[in-house]
Amino acid sequence: MDFGRLKDISKVDFSLPEEDQYSKLMFRNHPNFVNSFTFRLGAPAWSCADWKGKIYPDKAQAPTFLHYYAQHFDTIELNSTHYGIPKESTLIKWRSTVGDNFRFSPKFLQSVSHRKRLKNSKDDVLEFTDQMLALGDNLGYSWVQLPPDFTTKEASTLFQFLDLFPKNYKLGVELRHSSWFTDEVMLNALSETLTDKGYALVITDVAGRRDVLHMRITTPVLMVRFVGNELHETDFKRVNDWRERIASFKRQGLQEVYFFGHQPEDILCPELGNYIGKDFTKHRISDFTYPIIREKLEQQSLF
């Protein structure tokens, strides 16, 4: 993930911002509060052959990677759908490969978000959402990543686009332009729309863009894209901070978390996932037992 990537992180303040007042009010006023909580941990892909000997058997072949991936993670940031809609038969095959608790989180079409810039996309939205339903109960939150130059001047286009999705479809929105985080009026207007629809506002934790670490939660579902720095010691302190923050959100009424762990190179994602999974389970944020780690990986030092 190149967005917000820095070669020198020595001067970055990695501390989390204070909790957002809008989010606190949302939790307090949310009409569908239920006393349940699920934490899901995922990576950006399952196709990394370099994970052999880590979470895949040494002799595993590519068609079996998803099977083994789903034994170690319980969600996936499904980036392949950003470039095209898979065939229904492919989605059904993926669904049959994972367990009941696994959730796919498909990324919305780049052709719509970046080329059309969300305009004239009703048919695209209906085709995408209809096709993703082939994943059945394994469909988690889809998400739309807006271009880095998509500013608040295009807000009306975004609002119109959000109205195109079927009722009760699970959706997240990732904002990247700084204008969304400096215009409080516009951010509040968008947040209210997302809350009304039950849509999430994706939080991205990356070294070079601390503004996208906004702490704005619009529904009791949190989507976090965490980008580490090659297992630098700060990665683990940041994970610990997130564990404490999620525990706070949980006490306020947070119901579900999708936590996607990135590294500059995917080869290191199992090590990051190992630390997150074990830490969150140890502190009872997650009930899922992450068997991420085979003996070979356990022997590696994370610090």
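Predicted model: local features only at pLDDT ≥ 70, side-chain atom pairs only at ≥ 80, totals over all residues.

Residues are numbered from 1 along each chain as its sequence is written, and side-chain values use heavy atoms, with hydrogens and water left out.

**Stop 1: helix 5**

Select residues 122-132, which form helix 5. Helices (H or I, at least four residues) and strands (E, at least two) are DSSP runs, numbered from the N terminus. The buried residues here are Asp124, Val125, Phe128, Thr129, Gln131 and Met132; buried means under 20% relative accessible area, exposed over 50%, and partly exposed in between (1.4 Å probe, protein chains only). They cover an arc of only 165° around the axis, which puts them on the same side of helix 5. The arc is taken from the directions from the helix axis to the C-beta atoms. Turn to the face away from this buried side to find the exposed residues Lys122, Asp123 and Asp130.

Next, show the surroundings: the buried residues of helix 5 pack against helix 3 (88-97), strand 3 (103-106), helix 4 (110-115), strand 4 and helix 6. Then select Asp124 alone. Is Asp124 buried or exposed? Asp124 is buried, because its relative accessible area is 17%. Apart from neighbours within four places in sequence, Asp124 is in contact (heavy atoms within 4.5 Å) with Phe108, Leu109, Val112 and Lys116.

**Stop 2: helix 8**

Move to residues 184-197, the 14 residues of helix 8. At 1.5 Å a residue (times one less than the number of residues), helix 8 should span 20 Å, and its end C-alpha atoms are 20 Å apart, which agrees. Leu187, Leu190, Ser191 and Leu194 are buried in helix 8. Seen down the axis, the buried residues of helix 8 fall within an arc of 105°, so they line one face of the helix. An α-helix has 3.6 residues a turn, so residues three or four places apart point the same way. The face turned away from the buried side carries the exposed residues Val185 and Asp196.

Asp183 caps the N-terminal end of helix 8, with a side-chain oxygen 3.3 Å from the backbone nitrogen of Val185. Gly198 follows helix 8 and has a positive phi, near 75°. Around helix 8, its buried residues pack against elements including helix 1 (21-29), helix 7 (179-182) and strand 6 (200-201).

**Stop 3: strand 9**

Select residues 256-262. Seven of the seven residues of strand 9 are buried. Glu256, Tyr258, Phe260 and His262 point one way, and Val257, Phe259 and Gly261 the other. Strand 9 pairs in the parallel sense with strand 1 (residues 38-43) over five bridges, where pairing requires at least two DSSP bridges. Here Phe39 stands opposite Val257. Strand 8 (residues 221-227) also pairs with strand 9 in the parallel sense, over seven bridges. The chain crosses from strand 8 through helix 9 (residues 233-252) to strand 9, and this β-α-β crossover is right-handed: with the strands pointing away from the viewer, the path from the first strand over the helix to the second runs clockwise.

**Stop 4: strands 4, 5 and 6**

Finally, select the open sheet of three strands, whose order is 4-5-6 with parallel pairing. Strand 4 (142-145) and strand 6 stand at the edges, each with a single partner strand, so one side of each is left without a neighbour in the sheet. Strands 5 and 6 pair over two bridges, and Val173 has Leu201 of strand 6 as its bridge partner.

Conventions
Polar contact = N/O pair within 3.5 Å; in protein donor to acceptor, adjacent residues only side chain to side chain.
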